[in-house]
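Colleague: Thanks for sitting down with me. Could you walk me through this model and tell me what each label rests on?

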Amino acid sequence: MSRRRPGTTGPGDLPGKGATTVTTEPTARDEPRALRGRALGALTAARARTALLTDAVDDGELTAQHSPLMSPLVWDLAHIGNQEEQWLLRTVGRKAALRPEIDSVYDAFEHPRATRPSLPLLPPGEARRYAAEVRERVLDVLDAAPLDGAGRLTEDSFAFGMIAQHEQQHDETMLITHQLRSGPAALSAPEPPAPAPGELPAAAEVLVPGGPFTMGTSTEPWALDNERPAHHRDVAPFFLDTTPVTCGAFRAFVEDGGYRDPRWWAAEGYAQIRRNGIEAPLFWSRDGAGWLRRRFGVTEPVPDGEPVLHVSWYEADAFARWAGRRLPTEAEWEKAARHDPATGRSRRFPWGDADPTPERANLGQRHLRPAPAGSFPEGASPLGVRQLVGDVWEWTASDFLPYPGFSAFPYREYSEVFFGSSYKVLRGGAFGVDPVACRGTFRNWDLPVRRQIFAGFRTARDV
Ligand SMILES: [Fe+2]
């Protein structure tokens, strides 16, 4: 699979010894019938979204490369089917290979994105038929698969959840390709709800008290290997922005000459923006005294009240320094998002343990943009932090590193090979992230120069 590759270390709770103010995370165990239903629902929803993204353009656009940063959409389509064939048909179902000769073409590690257009790719019609044929056989495997006591891969229907998350992550990748393509709009969606004036948060930042909390998970059934295991982490008190940084706030940094002042920038970040002539977020362009942005084929004024998108880690880091602040660490972000001061427990989401709903978070490509900053009062954390989940991925200060006790599963290339100082962690998920691939513990990572992803940020400061 490409980039974010599924894995898990298997269940087992964090022993409750140590700090008395910290208790373990919630347990979420389901019966086999419910697990089968959840797996079927997740696979079906992912395929519906894949169809929406690939049916929105013609065959010429499916096979074209819209940016050297991305694969042709038709590569993603057959890659989704091929990974499903390899994991669910061959590994879980122990069935004979359907199309073993194409495995290499759709191996993300063998072929960098820029080279994928030159591969002997299945044409659009054949790619669709292949993915559909795999899915038909997978549903038989799901019907027959033991989902309890038969090993880590099928425990809690993990492999099915892993493949549903994989498809949704490629759907997010394809949504980025849609954003990068030129030409008229091919996608449409309703506008996100705006908060009523009385619903806006009262303060610009909140104080997150210091002390230990439980980070990561050992019990979330479909959590991936890098989210595991649950462990205690101590965090000093800090202030955190109530909402993500807005386009309006970021525009002030741009107009203050922020992109031309090396004081605010990490040296390699400043060299990178100068080398590439970068002077604003990706997709922004000057329009007289103001700014426009291009969003899924539509050019519009930059919306001041919306969380800023398409900034690199370097741009986020420079803004924070200019503002006299800093990016939160990954542990700070997760404490703000999951720790409940009233009980000392880490919850699945900022609002509690219940799954996301449209009232709580902007997820699942229901909208093609973030909601205005201050939206979703029902999704606020106990301390009143808004939009931690959904809207925009949030860059953190932290490198992508394993948790204490990490063990790679089902294979090293999901996350272990990416650990180190090259990648920065992003948290929270964006409007184009499906709830199945979004949790309070979910970790995304990318290069600090990356700008086409749906990433923004919020800032913090020491007490
Ligand atoms: Fe992949």
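This is a predicted model: local features need pLDDT of at least 70, side-chain atom pairs count only at pLDDT 80 or more; totals for chains, interfaces and linings use all residues.

Modeller: Happy to. Helices here are DSSP runs of H or I with at least four residues, and strands are runs of E with at least two.

Colleague: What name does UniProt give to residues 42–174?

Modeller: An unreviewed UniProt entry places "domain: DinB-like" there.

Colleague: Why is V449 called partly exposed?

Modeller: Buried takes 20 or more C-beta neighbours within 10 Å, and exposed takes 12 or fewer. V449 has 15, so it falls in between and counts as partly exposed. V449 sits in the loop between strand 12 (444–446) and strand 13 (455–456).

Colleague: Which residues does V449 contact, leaving aside neighbours within four places in sequence?

Modeller: Those are Q272, S312 and Y314.

Colleague: How do you know where the largest nonpolar core lies?

Modeller: That core has 99 residues, and A78 and A455 have the most contacts inside it. Helix 3 (residues 73–92) gives the largest share, 10 residues. Domain 1 (32–180) and domain 2 (197–247 + 317–462) both contribute residues, so the core lies between them. Beyond four places in sequence, A78 touches Y106, L121, L122, A127, Y130 and A131.

Colleague: What makes residues 2–24 a stretch to treat separately?

Modeller: pLDDT runs from 0 to 100, and over residues 2–24 pLDDT stays under 50. For the protein, the mean is 92, with 94% of residues reaching 70 or more.

Conventions: Residues are numbered from 1 along each chain as its sequence is written. A nonpolar core is a set of buried Ala, Val, Leu, Ile, Met, Phe, Trp, Tyr and Cys residues joined through C-beta atoms within 7 Å. Domain bounds come from an automatic or database domain assignment. Two residues are in contact if their C-beta atoms, placed from the backbone, lie within 7 Å. pLDDT is the predictor's confidence in each residue, from 0 to 100. UniProt positions are given in the numbering used here, feature names are shortened, and annotations may be inferred rather than shown by experiment.
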